[in-house]
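Take a look at the chain below. We will walk through its open spaces, then stop at one loop.

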Amino acid sequence: MSAERQISGMLRQIARQQDVIEIGPQGSRPKAAALVYAAEQYGYVYGSAHATGYKDAQILLRMYRDPSPEARSREAATLTAHPRAGIGGTVPGLLPGSLKPVPEAAGDVAVLSDLIAFDLSARFVTSRGQMVLCYLACVLVTALLLATGPLAEAVATGGSLVLILTVALKAWPIRRERLARRLTEAGFLPVHDEQGRQRFLRPGQQLPGHANPFAA
């Protein structure tokens with residue numbers, strides 16, 4: 001989908017003043033973050049990101065209308081500064097006709113990209129029970145190889161499987177720690193949602209409700 005179509009689709013939802021808007025599917029996280037930044041200028045706040053499409057290669061974003069006075073003032077200022085957005089005019093935070101951020105918005109977009117990446121990485125978090133099952137599978141494969149082939153080959157293959165599994169299981173937690181550190185440095189605060197997943201919110205922001213992102 002072209003940049004113009006994605007921007008127009010988002011702006012149509014915003015123009016209807018929907019309480020919840022969806023952005024995507026988008027295959028590039030930086031471009032998705034740029035759209036989130038633009039939507040926030042119209043008084044919306046980032047809610048969540050989900051992997052979708054073939055092999056989870058695309059991103060679907062959900063944003064919520066922020067009822068705070070500050071958000072409504074930001075929306076009014078944006079409407080005044082960008083009266084022809086979506087019909088040939090400029091879009092807040094985006095270079096003309098693209099999903100690339102303007103230089104002054106690049107830093108904020110990079111932080112939003114980290115926020116999206118952190119939420120998407122939750123699907124790779126492995127529980128202790130899942131880890132045990134993975135290692136048991138390696139043991140089973142090794143046992144089958146021992147029963148059907150040379151000892152040295154079976155041990156080497158089993159050891160390689162355990163090494164690959166260990167690296168894979170540790171890679172995502174390490175990446176999430178780095179993302180969490182960058183989000184904390186950017187002023188975001190760690191919280192846990194109703195399902196126990198770690199999320200990051202701006203100071204004063206609460207987890208989104210059905211229509212009110214600051215609902216208790």
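How do the residues of the lining of the second largest pocket divide into nonpolar, polar and charged? Keep that in mind while we begin with another pocket. Note that this model is predicted.

How is empty space found at all? Rolling a probe the size of a water molecule over the atoms shows where such space is left.

The largest pocket has a volume of about 460 Å³. It is lined by 20 residues, and the closest to its centre are Ser48, His50, Asp193, Arg197 and Arg199. Several elements each supply at least two residues of this lining: strand E2 (44–52), strand E3 (58–65), helix H4 (106–120) and strand E5 (198–201). E2 gives the most, with five residues. By class, the lining of the largest pocket has seven charged, seven nonpolar and six polar residues.

Now move to the second largest pocket. Its volume is about 290 Å³. Here 17 residues form the lining, and Glu40, Val45, Arg74, Phe188 and Arg202 are the closest to the centre. Helix H2 (29–41), E2 and H4 each give two or more residues to this lining. That brings us back to the opening question. The lining of the second largest pocket divides into nine nonpolar, three polar and five charged residues.

Last, find Gln17. This residue sits in the loop between helix H1 (3–15) and strand E1 (20–26). Gln17 is not a glycine, yet its phi is positive, at about 55°.

Notes:
Residues numbered from 1 in each chain as written. Predicted model: local features only at pLDDT ≥ 70, side-chain atom pairs only at ≥ 80, totals over all residues. Heavy atoms only, no water. 1 Å grid on protein atoms, 1.4 Å probe; cavity = no way out; pocket = protein on both sides within 12 Å on 5 of 7 lines; lining within 4 Å. Points joined across faces, edges and corners; volume = space filled by probe spheres on them. Helix = DSSP H or I, 4+ residues; strand = E, 2+ residues; numbered from the N terminus. Nonpolar A, V, L, I, M, F, W, Y, C, P; charged D, E, K, R; others polar.
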